[in-house]
Amino acid sequence: MSLLELDGVKVHFPIKKGVLFDRTVGHVYAVDGVSLKVEAGETYGLVGESGCGKTTLGRSVLRLVDITEGSVVLDGTDLAKLPNEEMRRFRRRLQMVFQDPLGSLNPRQNIESILSEGMVAHGIGKNQEERREKIKAILERVGLPSNALARYPHEFSGGQRQRIGIARALVLEPDVIICDEPVSALDVSIQAQVVNLLEELQEELGLTYLVIAHDLAVVRHISDVIGVMYLGSLVEEAPSDTLYAEPKHPYTKALMSAVPVPDPEVEDRRERILLTGDLPSPANPPTGCRFHTRCPWAQAEKCATERPELKDVGGGHRVACHYTAEIASGELAPTRPTGIEAVTETEDALVKPAEGEAEVPAALLPADSTTKPDAPAVKEKVPAAAETPGDPAADAVAKDQDAATPEASGKGPAGTD
Amino acid sequence: MSLLTVDELTVTFGGRGRKESRAVDGVSFEVDQGQVVGLVGESGCGKSVTSLALMGLLPDKGVTVGGRAEFDGTDLFTMNPSARRDLRGSKMAMIFQDPLSSLNPVVPIGVQVTEILERHRGMKGEAARKEAAHLLDRVGIPDPTRRLKEYPHQLSGGMRQRALIAMAVACAPSLLIADEPTTALDVTIQAQILELLKELVDQEGTALLMITHDLGVVAGICDQVNVLYAGKAVESAGRRELFAHPTHPYTHGLLGSIPRLDAPRGESLKPIRGSINDRVAWADGCAFAPRCDRYEMGCLTGTPQLAEPRAAGHQVRCVNPVLDDAKAEEVPA
């Protein structure tokens, strides 16, 4: 059995309105049904862009946010159902390293006080002497000088502060450490130091990590298994080598192709899949596949109506897409532009520049926008997504189509949020 | 002649009884028409201060700017302030890192864009509004006429950055300075913005000075790269040359610290030890020496000079540069 198992975890935040009655008018579907397993001694990496719910999921494991539905089982105990006091005691075994090393350390507490607070709360160490000894040992382990004890967070550099955060988790001897963007606030040279430290600690202490990060390269480097999240749910999960070698979900493909590689040879050769627009609002997620509004391979059937389940495609590789096989075999071609035309659709204006006005390059001048033809590929999207009931972006587009500027909505609702 | 020539730029903060701190310590580079030049480095290397100095956005008091910066034949640091105001926003424009704090939160996007058109292109009323809508459309903001009436908080991060870019290109500048234009954005949005910038450079011949900490971004977009450390350029080369043969130990270390998406797994990263706080003053020797694996006695005897130990046009400021590629080739392309 796995050490940590999440089954159908949902975290919905109510949207309240009104002064007197505090009516709930809707929900933000931050995490919307995530099931995953973390094996003991392994690292599970959770990637996704901002707003995909990865942080909320991490916090829900520690019950720092209320779980709406589903279960979080650590070593046979369902944390979602534990009474608060028992949960508090359970947190010794589940610790978290936060993203912002300065913001998560109390500026008016010295390091000894910060690190012993958790130990006192969990009754570790008989007296302060004993605790201090232990703290010293851990500080040395994470590479901080022992004179750090009496110093305050502001006296340390960013990398050192993150080490303090890691030490704070370690003093309680946890089984699982949840690292929420552990290195994103650090410079690259320091990032590598902290990544290496996390790896060494895992090897020595047999720790289990749930690493949450937006940087795919970092996650791939430290994780055994990677889960890719989009808008509150997992779209793909695979051992990290497999995920890189053959990403199957269109979103994973796009994400991978967008990560810059520090090598001009690679950068020049590779093909980018550019997505249109931004992440839809999690308060009003698209129906069907959450990704269909931006998916270059979106089909007229199924995608907008039926929500795909995570299906095993062999080798521990799970994908939530209706057309995994067809996309992999090349049977389905992208139905939307994936190159630069996905970013700006004013090529027509650029290729045939407007005349006159000498001192300004013509492409930057107003091409007569009412006559600007839409790219045909773009036109197709509008009806497909306008079917989406309750999608505010789609509504907005519909409204604009009534208004005097129909061509303005040509980019489809995917881009309007 | 180059569009922008920066020669021995220095920026010093403090003074007048307070401890002086030199943020930029003699940086020289050139930017040609249609060229993308990168300034790369970690926090505290002086890359942002360089851009602010070039734009003339540093405060008058408490800062001393030295050296020379020539833009299109005129010296930026000696020209009169009103001429410089005319230049700023029209001929040279800047894209800032944090789009939310660079936009005025209480003024609609449209007013902020038309302000530039009114100031520099003398447009008014309906014409300015129409042009603003076109600019937003140009940078890929859907439904521009509606967006013009909206406030910055109503736009997503990527959209705000696009609005900033629209403002920067409003007067078709010949030089665009982009200070970490994609750092605050998600990777898929970053890819969109980078493509957009590339397109602007290709089609308008705009020169782009790209300031970033991300070597991946540099590899994708820059023609010429300057690596800065503690206020000085330590290595400068064309991007292919730089990434194929990183010669300064710092550049070498940076590339070794970055986990690569396409590298085989299981290799541990080779971080640079210490932090930027462990440095010596450039006047006494190489600022990077305390963190350097190739440190030798000669490193702390005076400022190392830029030399070309490997190839012409590949400048390196190091007395003990990495000249064998064996180490660099551990990571297969």
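Predicted model: local features only at pLDDT ≥ 70, side-chain atom pairs only at ≥ 80, totals over all residues.
1. B:Glu235 is buried and yet takes part in no salt bridge, since the nearest side chain of opposite charge, that of B:Arg310, is 6.4 Å away, whereas a salt bridge is counted within 4 Å.

2. What the side chain of B:Glu235 does reach is backbone: the nitrogen of B:Thr247 is at 3.0 Å, and the backbone nitrogen of B:His248 lies 2.8 Å from a polar atom of the glutamate side chain.

3. Leaving aside residues up to four places away in sequence, B:Glu235 touches residues that include B:Val225, B:Asn226 and B:Val227, as well as B:Leu242, B:His245 and B:Pro246. Also among its contacts are B:Thr247 and B:His248, together with B:Thr251, B:His314, B:Gln315 and B:Val316.

4. Turning to the cysteines, the structure has zero disulfides over all chains. A:Cys52 is buried, because its relative accessibility is 1%, and its sulfur is too far for a bond, because the closest cysteine sulfur, that of A:Cys289, is 14 Å away.

5. A:Cys295 is likewise buried, with a relative accessible area of 8%. The closest cysteine sulfur to that of A:Cys295 belongs to A:Cys321 and is 6.3 Å away, which is too far for a bond, given that a disulfide requires the two sulfur atoms to be within 2.5 Å.

Notes: Residues numbered from 1 in each chain as written. Chains lettered and ligands numbered in written order. Heavy atoms only, no water. Buried < 20%, exposed > 50% of the residue type's maximum accessible area, 1.4 Å probe, protein only. Lys, Arg positive; Asp, Glu negative; His and termini not counted. Polar contact = N/O pair within 3.5 Å; in protein donor to acceptor, adjacent residues only side chain to side chain. Contact = heavy atoms within 4.5 Å.
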